[in-house]
Amino acid sequence: MAKRALVTGVTGQDGSYLAELLLEKGYKVYGLRRRTSTPITTNIEHIKNEIEFIDGDLLDVSSLINANRIAKPDEIYNLAAQSFVGSSWEQPLLTGQVTGLGVTNMLEAYRLTSPEAKFYQASSSEMFGKVVEVPQKESTPFYPRSPYGVAKLYGHWATVNHRESYDLYACSGILFNHESPRRGIEFVTRKITDAVARIKLGVQQELRLGNLDAKRDWGFAKDYVECMWLMLQQESGDDYVIATGETYSVREFCKIAFEYVGLNYEDYVVVDPKFFRAAEVDLLIGDPQKSISKLGWNPRKTSFEKLVKMMVDSDIARIEKEIR
Ligand code: NDP
Ligand code: GDR
């Protein structure tokens, strides 16, 4: 019998790579999808006929119970969230409801409907926020610096608490930034590679960014979804930091991306205070030791430079088609 997985956030970057991975492994994949007036399914266009979609929203617990009843999942991956840190200051309540309380809605639907399933919660390195310890690991104290980070921390503890209260197999994956050609255009990496492509092709003149000195531990999303799956193949649920163990600044990302197409970032990047954050996370660098030793995961499959180049190549190909 094929295993059954329920994936929320299936239209997003991670949801699309995870759905691909699960389909490759022979799973029957159910994707929770919100109703929108103009659906954008670019990330899953190539596999949309293989996914069974169920309409639902993290804010509507009855839709989540319904999704569990239809999917009868062996594994549940809760990837849905208001995931953009920048927007979380503009929509703090929505972020709290979706990214925070939405997790409890999912956990309750899971507990009441499919308690035998294994549950994955998409937690975040943003929960570490202010630098307390370097590198950050599972035992590092949390100090979130945005409404998003605060909401994710609630979701993390809700997951741990459900595991401990009801003896459920629930995992919290504390994932550091991971990127890909499918990354949302508002995130800094994709904003940079999209701009590099447009500037190279002569359809954009400059790139306006905020804090160039912020440092992130950036990995490749396709490698990271493997870890989500691995977490649900163990004997019991646990929490894991997923990271590469390397950190680079936004400035370094720009330098490599522009240099790759023969340009100097200093000629095009303009610092615009409009993109500064009310509170910044200056430095993230994760310690992936536990995921290496317990899950057998390889954090160095895709190098930083390879990731940057892959994203630039993909944006150049896309924009060439657009302007042709
Ligand atoms: P995306 O922003 O690409 O995807 C978010 C997904 O959530 C989309 O499918 C979106 O649907 C869905 N969604 C948003 N609101 C709701 C809602 N109210 N009900 C149901 N679905 C909703 O995120 P990523 O793929 O990058 O990230 C996946 C998860 O991992 C997120 O929870 C994110 O916070 C977390 N995370 C991500 C990291 C990263 O570096 N990428 C690192 C650490 C954690 P729609 O298409 O309709 O908007
Ligand atoms: P982040 O990703 O906040 O780390 O959250 P983002 O790419 O938005 O920002 C990374 C860093 O770049 C700086 N920055 C800018 N950011 C954006 N978006 N736009 C700019 O113009 C810009 N200029 C500089 C930011 O200040 C920040 O320091 C991502 C999301 O995927 C979360 O959902 C996830 O939980 C975390 O990664 C881990």
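Helices (H or I, at least four residues) and strands (E, at least two) are DSSP runs, numbered from the N terminus. In these terms, Ala170 belongs to strand β6. The structure is a predicted model, in which local features need pLDDT of at least 70, side-chain atom pairs count only at pLDDT 80 or more, and totals for chains, interfaces and linings use all residues. Residues are numbered from 1 along each chain as its sequence is written, while chains are lettered from A and ligands numbered from 1 in the order in which they are written.

A residue is classed as buried if 20 or more other C-beta atoms lie within 10 Å of its own, as exposed if 12 or fewer do, and as partly exposed in between, with C-beta atoms placed from the backbone. Ala170 has 28 C-beta neighbours inside 10 Å and therefore counts as buried. Ser236 lies 66 residues from Ala170 in sequence, yet their C-alpha atoms are 8.0 Å apart in space. Strand β6 spans residues 169-175, and because seven of its seven residues are buried, the strand is largely enclosed by the rest of the structure. In a regular strand the side chains alternate between the two faces of the sheet. Both faces of β6 are covered, with Tyr169, Cys171, Gly173 and Leu175 buried on one side and Ala170, Ser172 and Ile174 buried on the other.

Strands are taken to pair if DSSP finds at least two bridges between them. Strand β5 (residues 118-124) runs parallel to β6 and is joined to it by seven bridges. Tyr240 in β11 is the bridge partner of Gly173.

Strand β5 is likewise largely enclosed by the rest of the structure, because seven of its seven residues are buried. Lys118, Tyr120, Ala122 and Ser124 point one way from β5, whereas Phe119, Gln121 and Ser123 point the other way, and all are buried. Strand β4 (residues 75-78) runs parallel to β5 and is joined to it by four bridges, with Glu75 opposite Lys118. Among the helices, α7 (residues 221-231) has eight of its eleven residues buried, so it is largely enclosed by the rest of the structure. The buried positions of α7 are Ala221, Lys222, Asp223, Tyr224, Val225, Cys227, Met228 and Met231.

The shells around the two ligands comprise residues whose C-beta atom, placed from the backbone, lies within 6 Å of the molecule. Ligand 1 is surrounded by 24 residues, the closest being Gly9, Gly12, Ala80, Ala81 and Ala122. Two or more residues of this shell come from each of α1 (13-24) and β5, and α1 provides the largest share, three residues. For classification, Ala, Val, Leu, Ile, Met, Phe, Trp, Tyr, Cys and Pro count as nonpolar, Asp, Glu, Lys and Arg as charged, and the others, Gly among them, as polar. The shell around ligand 1 contains eight nonpolar, 13 polar and three charged residues.

Around ligand 2 there are 23 residues, of which Val85, Ser124, Val188, Gly210 and Ala214 are the closest. Helix α6 (residues 188-200) gives the most to this shell, with three residues. The shell around ligand 2 consists of nine nonpolar, eight polar and six charged residues. Domain bounds are taken from an automatic or database domain assignment. Ligand 2 lies between domain 1 (4-178 + 219-242) and domain 2 (184-216 + 247-284 + 301-323), because both give residues to its shell.

Most residues other than glycine have a negative phi, and most peptide bonds are trans. The peptide bond from Val134 to Pro135 is cis, with omega near -10 degrees, and Pro135 is placed in the loop between β5 and α5. Lys72, in the loop between α2 (61-71) and β4, has a positive phi near 40 degrees. Asp167, in the loop between α5 and β6, has a positive phi of about 55 degrees. With 14 C-beta neighbours inside 10 Å, Lys72 counts as partly exposed, whereas Asp167, with 11, counts as exposed.
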